[in-house]
Amino acid sequence: RISDKVWSHPPVNNDTTATHRIVIMITDGLTEELEPSDYLSVKQEHKFKLGVLLIKEPNHPDCSPFLALVTDKSKKGEPGFRILNTDKAQMMPIDLVNLMTYQFDLVLDQIAIEAKKTTTTASSAMISPMSTA
C-alpha cells in the first residue's frame, strides 16, 4: 500500500495533537475498491483524514453512500468528498481547492478541540481544594 511507503510508522507516541495527516485521493473510478474496511483500517492504522475527488462518467453508478462511509465529515456533517462528472472537468481545479480547504478546516477543528481540552485540563490542575486544618 502507498500509505505504508509514505508513513512507515504511526505518529510518535500516537500523538495526533502535534501531527495531522490528510490524504486527498483523486480517482477516476472505484469499480472494484468498494469495501469500506479496506479504507477504514488504513485510515485508523496511519491516523489520517481522507478526502476524495471522484471523476466519473455521468452514466456510472452513484458512489456517494460508499464515499460518505470512508471519508471524514465536518462538524456540521458535510461529506469529505466531491464527485465531478467528466463533462464538467474544467471545474476540477475549483473542486480540488474546495476539497483541500475542507481537509485543512477539519485539521483546524481538531486543533481547536485539542486546545480546548488542554486549557480545561490545565485550569483544572491549577484549582486545588482548600485545606481544612
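Modeller: Let us begin with the word contact, which here stands for heavy atoms within 4.5 Å. With that rule, and not counting residues up to four places away in sequence, Tyr102 touches Asp72, Lys73, Ser74, Glu78, Pro79, Gly80 and Arg82. This is a predicted model, in which local features need pLDDT of at least 70 and side-chain atom pairs count only at pLDDT 80 or more, while totals for chains, interfaces and linings use all residues. Residues are numbered from 1 along each chain as its sequence is written, and side-chain values use heavy atoms, with hydrogens and water left out.

Biologist: Where is confidence lowest in the chain, and where is it highest?

Modeller: The score to read is pLDDT, the predictor's confidence in each residue, from 0 to 100. Where pLDDT is low, the predicted coordinates should not be read in detail. The chain averages a pLDDT of 81, and 77% of the residues score at least 70. Confidence is lowest in helix α1 (residues 2-6), with a mean of 67, and highest in β3, with 92.

Biologist: How many helices and strands does the chain have?

Modeller: Helices (H or I, at least four residues) and strands (E, at least two) are DSSP runs, numbered from the N terminus. The chain has four helices and three strands, and from the N terminus on, the elements run α-β-α-β-α-β-α.

Biologist: Which way do the residues of β2 point?

Modeller: In a regular strand the side chains alternate between the two faces of the sheet. In β2, Phe48, Leu50, Val52, Leu54 and Lys56 point one way, whereas Lys49, Gly51, Leu53 and Ile55 point the other way, and all are buried. Buried means under 20% relative accessible area, exposed means over 50%, and partly exposed is in between (1.4 Å probe, protein chains only).

Biologist: In what sense do β2 and strand β3 pair?

Modeller: Two strands pair if DSSP finds at least two bridges between them. Strand β3 (residues 81-85) pairs with β2 in the parallel sense over five bridges, and in β3 it is Ile83 that stands opposite Leu54. Strand β1 (residues 21-27) also pairs with β2 in the parallel sense, over seven bridges, and Val23 has Leu50 of β2 as its bridge partner.

Biologist: Which unit do β2, helix α3 and β3 make?

Modeller: A crossover is right-handed if, with the strands pointing away from the viewer, the path from the first strand over the helix to the second runs clockwise. Here β2, helix α3 (residues 64-70) and β3 make a right-handed β-α-β unit.

Biologist: How should I read the aromatic pair that Tyr39 and Phe66 form?

Modeller: A pair of aromatic rings is described by the distance of the centres and the angle of the planes. Rings of Phe, Tyr and Trp (its six-membered ring) pair if their centres lie within 6.5 Å, and planes under 30 degrees apart count as stacked, over 60 as edge-to-face and the rest as tilted. By this rule the count comes to one aromatic pair. Tyr39 and Phe66 form an edge-to-face pair, 5.3 Å centre to centre, with 75° between the planes. Tyr39 lies in helix α2 (residues 36-46) and Phe66 in helix α3, so the pair ties together parts that are 27 residues apart in sequence. Tyr39 is buried, with a relative accessible area of 14%, and Phe66 is buried too, with 10%.

Biologist: What sits over the ring of Tyr102?

Modeller: A charge sits over a ring if NZ of Lys or CZ of Arg is within 6 Å of the ring centre and within 35 degrees of the ring normal. The charged end of Arg82 sits over the ring of Tyr102, 5.3 Å from its centre. Tyr102 has its place in helix α4 (residues 92-126) and counts as buried, at 7% relative accessibility.
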